[in-house]
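Dear colleague,

I am passing on the structure we spoke about, so that you can look at it yourself before reading my notes. Please open it alongside this message, as the notes below go through it place by place.

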Amino acid sequence: MDFSKCNIGLGITGSFCMFSRARKEIERLTELGANVIPIFSFNAQTCDTRFGSAKDYVEGICDITGNEGIRTICAAEPIGPNNFLDIMVIAPCTGNTAAKLCNGITDTPAAKAHMRNGKPLVISISTNDALGANFKNIGMLMNTKNVYFVPFGQDNCKSKPNSLVAKMELLPETIEYALNGRQIQPVIQNPD
């Protein structure tokens, strides 16, 4: 894969347990030549958790990508009219973000400005309620034009029977398929 001419908007939401895996794939995308522009949700840029400091994570992603990142709704607004992204990825994508996308809610820097241009949006789902309250939202997004999913599966069906996480290592391949208007298959896979 050669992403040297590809501008990827990368939305990072608050599924903190997936941050290290997302970081690894962001590094991989930059190694493949992509210009990755990070777009941080408010929670991703402000919540310190047992998985690390928000400041350290945000600064680390900005260092990897060489881009300062987008941190506000106002800063994200030009994505639409300037049409400078080839593809947008949300990795990780929480159930909250999936619900907002599905219902047209724009109260955080997200993908709405990009989606209006009819270009691909890739979702790397990571939520404890995917097979519960968010199941209908994921289903609706899977049936939405220009929306593609990184293959996913249950990560702990005994302790968290409603939880789904994406196979983050398939992110570059999913992007390649999405840029060609195709969903990588199979979309439902066994977890790592």
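Setting aside neighbours within four places in sequence, Asn-134 is in contact with Gly-95, Asn-96, Ala-98, Ala-99, Thr-127 and Asp-129, where contact means heavy atoms within 4.5 Å. Please bear in mind that this is a predicted model, in which local features need pLDDT of at least 70 and side-chain atom pairs count only at pLDDT 80 or more, while totals for chains, interfaces and linings use all residues. Residues are numbered from 1 along each chain as its sequence is written, and side-chain values use heavy atoms, with hydrogens and water left out.

Asn-134 lies in the loop between β4 and α8; helices (H or I, at least four residues) and strands (E, at least two) are DSSP runs, numbered from the N terminus. With a relative accessibility of 5%, Asn-134 counts as buried, a term used here for under 20% relative accessible area, with exposed meaning over 50% and partly exposed in between (1.4 Å probe, protein chains only). Its side chain makes a polar contact with the side chain of Asp-129 at 3.0 Å; a polar contact is a pair of N or O atoms within 3.5 Å, and within protein one must be able to donate a hydrogen and the other to accept it, residues adjacent in sequence counting only if both atoms are side-chain atoms.

Helix α6 (residues 95–102) is largely enclosed by the rest of the structure, because six of its eight residues are buried. The buried ones are Gly-95, Thr-97, Ala-98, Lys-100, Leu-101 and Cys-102, and they pack against β3 (87–93), α7 (112–115), β4 (121–127) and α8 (135–142). Just after α6, Gly-104 has a positive phi of about 70 degrees.

Not counting residues up to four places away in sequence, Ile-123 touches Ile-90, Cys-93, Leu-101, Leu-141, Val-147, Tyr-148, Phe-149 and Val-150.

Rings of Phe, Tyr and Trp (its six-membered ring) pair if their centres lie within 6.5 Å, with planes under 30 degrees apart counted as stacked, over 60 as edge-to-face and the rest as tilted, and by this rule there is one aromatic pair. The ring centres of Phe-149 and Phe-152 are 5.9 Å apart and their planes stand at 65 degrees, so the pair is edge-to-face; both Phe-149 and Phe-152 are buried.

The peptide bond from Ala-91 to Pro-92 is cis, with omega near 0 degrees, and Pro-92 is found in strand β3, whereas the cis peptide bond from Gln-185 to Pro-186 has omega near -10 degrees, with Pro-186 in the segment after α9 (171–179). Asn-83, in the loop between α5 (79–82) and β3, has a positive phi near 50 degrees and is partly exposed at 36% relative accessibility. Asn-146, in the loop between α8 and β5 (147–149), likewise has a positive phi, near 70 degrees.

With kind regards
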